[in-house]
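Subject: Structure handover

Dear colleague,

Please find the structure below, followed by a summary of what was found in it.

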Amino acid sequence: MADEEVVLSERERQCLRWVEEGKSSWAIAVILGVSDNTVNFHIKNAMRKLETTSRTQCVVKARRLGLLD
């Protein structure tokens with residue numbers, strides 16, 4: 001995956017930005033008007049794409065790669 005450019009969907013980026021602000025999945029779900037299962041789905045997809053094992057690690061890596069700007 002190192003050679004491939006990681007592409008996050010707009011919704012994945014939105015969810016990670018809220019995680020970065022310290023919001024829970026439930027709070028993000030309320031903000032975005034979706035279920036918390038949907039939020040977790042997007043976060044888990046981002047984690048898989050970025051090959052990370054935690055939400056925090058995912059946010060840090062996405063930020064370092066310039067994916068949350």
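Which residues have the most contacts inside the largest nonpolar core? They are Leu8, Leu16, Leu50 and Ala62, in a core of 18 residues. A nonpolar core is here a set of buried Ala, Val, Leu, Ile, Met, Phe, Trp, Tyr and Cys residues joined through side-chain atoms within 4.5 Å. Buried stands for under 20% relative accessible area, exposed for over 50%, and partly exposed for values in between (1.4 Å probe, protein chains only). H1, H2, H3 and H4 each supply at least two residues of this core, and H3 gives the most, with 4 residues. Helices are DSSP runs (H or I, at least four residues), numbered from the N terminus.

Please note that this is a predicted model: local features need pLDDT of at least 70, side-chain atom pairs count only at pLDDT 80 or more, and totals for chains, interfaces and linings use all residues. Residues are numbered from 1 along each chain as its sequence is written, and side-chain values use heavy atoms, with hydrogens and water left out.

Helix H4 (55–64) has Cys58, Val59 and Ala62 as its buried residues. These cover an arc of only 100 degrees around the axis, which puts them on the same side of H4; the arc is that of the directions from the helix axis to the C-beta atoms. Thr56 and Arg64, on the other side of H4, are exposed. The cover over the buried residues of H4 includes helix H1 (10–20) and H3. Apart from its neighbours within four places in sequence, Ala62 is in contact (heavy atoms within 4.5 Å) with Leu8, Leu16, Leu50, Leu67 and Leu68.

Helix H2 (residues 25–32) packs against helix H3 (residues 36–49) at an angle of about 105 degrees, with the axes 8 Å apart. Axes are lines fitted to C-alpha atoms over the stretch in contact, and angles run from 0 to 180 degrees between N-to-C directions. H2 and H3 are therefore roughly perpendicular to each other, a term that covers 65 to 115 degrees. Ser25, Trp26, Ile28 and Ala29 in H2 meet Asp36, Val39, Asn40 and Ile43 in H3.

Two backbone angles deserve mention. Most residues other than glycine have a negative phi. Glu51, in the loop between H3 and H4, has a positive phi near 55 degrees. At 54% relative accessibility, Glu51 counts as exposed. Gly66, which follows H4, also has a positive phi, near 75 degrees.

Yours sincerely

How values were computed:
Angles under 35 degrees count as roughly parallel, over 145 as roughly antiparallel, 65 to 115 as roughly perpendicular and the rest as oblique.
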